[in-house]
Amino acid sequence: MATASAQRVVVERLPKSRSLRLPPWEKITPLLLVSPSVILIAVFVYGFIGATIRTSLVRWNSALPDYTFVGLHNYQRLFQLERFQADLVNTVHFTAIFLAGCIVLGLGTAVLLDQRLRGTLFFQNVYMYPLALSFVVTGTVWRWILNPNSGVNVILDNLHLGFLKSGWLTDTHTALNSLGIAAVWQMSGFCMAMFLAGLRGIPEELREAARVDGANEWQLFWRITFPLLRPITLSAVIILGHISLKIFDLVYVMTFGGPGYATDMPSLYMWVATFAQFLYSRGAAIAVVLLLMVAVLIVPYLVWNLRGETEQ
Amino acid sequence: MGNERWSRRKFVSRAGKTAGAAFLGLSFADFLAACGTSTSGTSGSGKLEIFSWWTGPGEKDGLAEMFKIYTKKYPSVTITNSAVAGGAGSTAKAVLATRMQGGNPPDSFQVHAGQELISSWVKASKMEPITSIWNSEGWDSKIPKDLKDIVSSNGDVWSVPVNVHRGNALWYNKKLLDSKSVNPPQSAEDMTSALSQLKAKGITTPLALASKGGNWQVQMLLENNILASGGADFYKNVMSGKASFTDSKVTQALTWIKQWLPYANSDSSAIDWDEADNRLIAGTAVFHIMGDWAKGDFTSKNWVPNTDFGAVPSPGTTGKYMIVCDTFGLPKGAKDRDNAVGWLKVCGSQEGQAAFNPKKGSIPARTDVPASLFDAIAQQFMAEFKTDTLVPSSAHGSATPPNFASGVNDEMGQFLQNKDVTKTASNLQKLSDEFLKTA
């Protein structure tokens, strides 16, 4: 590695004819080094995406594979299903709660922790720890906490705050929001870490200058700090957004989509359709819809990021 | 790195890619290694892999008892217990589907009798018929013909029934019911009036209801009520697509559920059937309509049959026996086929069923197992099993293919919320059109 980068330095100082000067093995070695991962990704990612798309276009709706081409019939059927329609609404709803919760809480805690008071390091760690847990663990714990007969309702009762009691996960009106609480609890620490890094990266001179110009702390935050955090916010939205669109484990553990379709998600239905109902083509169609949804979010970001990198 | 031109971002991204490549490389090596071991491990005989979802108390012990009998008969065979946890086998079935599609079946696997096996793996030609084993073991004279019909198609038998659970049972807290001087209900109308009497006497939610894990518990209410309103023939017709779900008998069945729901706990989506049992034990509920695995749960919690709790057929289904039956089959391409055949013989044997069923809380599929091994309620069910009309359960995979049953789960989950009888009946009929007509 050291020699390779040393080589590079030399090469970059002589930009005139670097491709010609390279000995042949120098050209092949990098290719050889990346080829295993290129081949594996080509087969196991893009090949499988292709296979999924193909499955979604055929009539494989039992344990017996059936490759009769049916065009977009599976998609047509899918969008007519009450369950899938509910899934799409739920995904949008959940993503909104999840993003808003994580960003508001993450930014809030980050600003507080950026005050460089005593003990901030301790709290920084405390807020980060939920991130180390898997969604399955978070889901199980929150399922207990939000069980209407134990957990938080009992605490509210003991505090004589019975009017705040709720069915939480068992009530169609509150179930999705309750799921959001668990998800925000887990991921807001991650958001905080990103914002904290962003805040620490803002030069103090900018704020000093604004203060000299007579800005108060509130204006300082909204006019100086917040705009400078925009790239961080965008990254947070992208990263959390694609987690939210693909959320499966948390729902599987906490509600299994219930009550009714109140917390059902496309990813959960994809699993049920494929493995419980043996509707392989329907499951594949859901997978493709999910992929497109995530792509709508990710691709503009990747393009933007790539452009930024080439400009550097 | 010794290169000042590398920005931090580049470094991070390259490090990430290197790590990614290393990870992929590693996992590929693991993958190859895994392939190596799995192929080399197959040639040796003396192994038997049994796949099930029996991981709970009682059932796990029953399985262990059968393993003991097998080991006594075939001491050189090492048994691998590939049980996958998860209620009603939902997770296990997903794992099994992956293995079957991937051509790596276990030597024998647990499957509900009937359509769950026949509509999927038999239809996909992934199973070997066991007709010859059935005949050579003489099971025709030991296992009821109704039951043999459920596990047969096109003149062949496909799996061995190990046990029979009863899906249509109403469990009640006997002391509480007696103290309120209410009789165990016989018909659906009795049930409604018993519920309202109990509520008037201070029990706000006399019916314990569970729906966690996909609403199959509510589907059991539906199928029991269809059996009550329409009788065995109508039930079989509607579950095979020959009668309509928009029939007044089905709407009657749904209406009964709707009438009972105000007497049930509202947190059903957070509790499973065993937690519903706890409501009976705690005295906050009196009734629970559930399969007879509830009995095993009650006794494991030190409740005594016919003293603390009692059972009657679910409202309106006296004389009918809703079969929930676990069986074992023989997948094509099983690595240790001969050992698996031995396993199937143990499953169907008097000795095997006598060892398994008392632990599991079910009754034997064979009618020649001594009743003295069982508790009073099981003895009552064993006697009824011999004389009752046997019908296959749809909620537990015997009457209908999995895609239909799973769709009904969803509809029942919706029904709990919207309580719309007409809409639910028409949605059920749509599922029937889609999945039952072709089967």
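Me: What should I know before I start?

Reply: Local features need pLDDT of at least 70 in this predicted model, side-chain atom pairs count only at pLDDT 80 or more, and totals for chains, interfaces and linings use all residues. Residues are numbered from 1 along each chain as its sequence is written, while chains are lettered from A and ligands numbered from 1 in the order in which they are written.

Me: Which strands make up the open sheet of chain B, and in what order?

Reply: Strands (E, at least two residues) and helices (H or I, at least four) are DSSP runs, numbered from the N terminus. Two strands pair if DSSP finds at least two bridges between them. Here three strands of chain B form an open sheet in the order 8-7-9, with antiparallel pairing. Strand 8 and strand 9 are the edges, each pairing on one side only. On average, neighbouring strands are turned by 25° against each other, direction ignored; the axes are lines fitted to C-alpha atoms, and angles run from 0 to 180 degrees between N-to-C directions.

Me: How many bridges join strand 7 of chain B to strand 9, and how many to strand 8?

Reply: Strand 7 pairs with strand 9 (residues 309–313) over five bridges, and three bridges join strand 7 to strand 8 (residues 287–289). You can find B:Asn173 partnered with B:Phe309, B:Ala169 opposite B:Pro313, and B:Leu170 partnered with B:Ile289.

Me: Is strand 7 of chain B buried or exposed?

Reply: A residue is buried if 20 or more other C-beta atoms lie within 10 Å of its own, exposed if 12 or fewer, and partly exposed in between, with C-beta atoms placed from the backbone. Five of the five residues of strand 7 (residues 169–173) are buried, so the strand is largely enclosed by the rest of the structure. B:Ala169, B:Trp171 and B:Asn173 point one way, and B:Leu170 and B:Tyr172 the other.

Me: What do the buried residues of helix 14 of chain B pack against?

Reply: Residues are in contact if their C-beta atoms, placed from the backbone, lie within 7 Å. The buried residues of helix 14 (residues 350–360) include B:Phe356 and B:Asn357. Their packing partners in chain B are helix 2 (59–73), strand 6 (159–166), helix 12 (293–300), helix 13 (337–348) and strand 11 (363–364). After the helix comes B:Gly361, with a positive phi near 90°.

Me: Where do the domains of chain A lie?

Reply: Domain bounds come from an automatic or database domain assignment. Chain A has domain 1 (18–56) and domain 2 (86–311), with C-alpha centres 34 Å apart.

Methods: Contact = placed C-beta atoms within 7 Å.
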